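Have a look at the picture, then try each question before you read on.

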Amino acid sequence: MAIEAYCMKCKEKRAMKDPKEGTTKNGKPITKGTCPVCGSTICRIGAAK
């Protein structure tokens with residue numbers, strides 16, 4: 001199952017490429033990946049399910 005996040009450059013929801021779990025500075029879970037179309041970094045707040 002692909003994780004979707006909103007790409008700010010494309011202005012659309014895209015499936016993340018190479019998603020990686022991490023935490024923000026204040027300790028909240030975050031999932032970061034890249035947009036498969038434009039290559040920019042996209043993030044989704046919350047852990048990957």
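Q: Is Cys7 buried or exposed?
A: First, a word on what you're looking at: this is a predicted model, where local features need pLDDT of at least 70, side-chain atom pairs count only at pLDDT 80 or more, and totals for chains, interfaces and linings use all residues. Residues are numbered from 1 along each chain as its sequence is written, and side-chain values use heavy atoms, with hydrogens and water left out. The labels go by relative accessible area: buried is under 20%, exposed is over 50%, and partly exposed is in between, using a 1.4 Å probe and protein chains only. Cys7 has 0% relative accessibility, so Cys7 is buried.

Q: How many disulfides does the whole structure have?
A: A disulfide here is a pair of cysteine sulfur atoms within 2.5 Å. For Cys7, the closest cysteine sulfur is in Cys38 at 3.6 Å, which is too far for a bond. For Cys43, the closest one is in Cys7 at 11 Å, so that's too far as well. Searching the whole structure gives a count of zero.

Q: What pattern does the protein chain follow along the sequence?
A: Helices (H or I, at least four residues) and strands (E, at least two) are DSSP runs, numbered from the N terminus. The protein chain has five strands and zero helices. Read along the sequence, that comes out as β-β-β-β-β.

Q: Which residues make up the largest nonpolar core?
A: A nonpolar core is a set of buried Ala, Val, Leu, Ile, Met, Phe, Trp, Tyr and Cys residues joined through side-chain atoms within 4.5 Å. In the protein chain, 22% of the 49 residues are buried. The largest core has six members: Ile3, Ala5, Cys7, Met16, Cys35 and Ile42.

Q: Is Arg14 buried or exposed?
A: You'll find Arg14 in strand S2, residues 12-15. Contact means heavy atoms within 4.5 Å, and beyond four places in sequence Arg14 touches Ile3, Glu4, Ala5, Cys7, Cys35, Pro36, Val37 and Ile42. Its relative accessible area is 19%, so Arg14 is buried.

Q: How many Å apart in space are Glu4 and Arg14, C-alpha to C-alpha?
A: Glu4 sits in strand S1 and is partly exposed, at 40% relative accessibility. Skipping neighbours within four places in sequence, Glu4 is in contact with Lys13, Arg14, Ala15 and Arg44. Glu4 and Arg14 are ten residues apart in sequence, and their C-alpha atoms are separated in space by 5.3 Å.

Q: How many Å apart are the centres of the positive and negative side chains?
A: Lys and Arg count as positive and Asp and Glu as negative, while His and the chain ends aren't counted. Each charge is placed at NZ of Lys, CZ of Arg, CG of Asp or CD of Glu. The protein chain has 11 positive and 4 negative side chains, and the centres of the two sets are separated by 7 Å.
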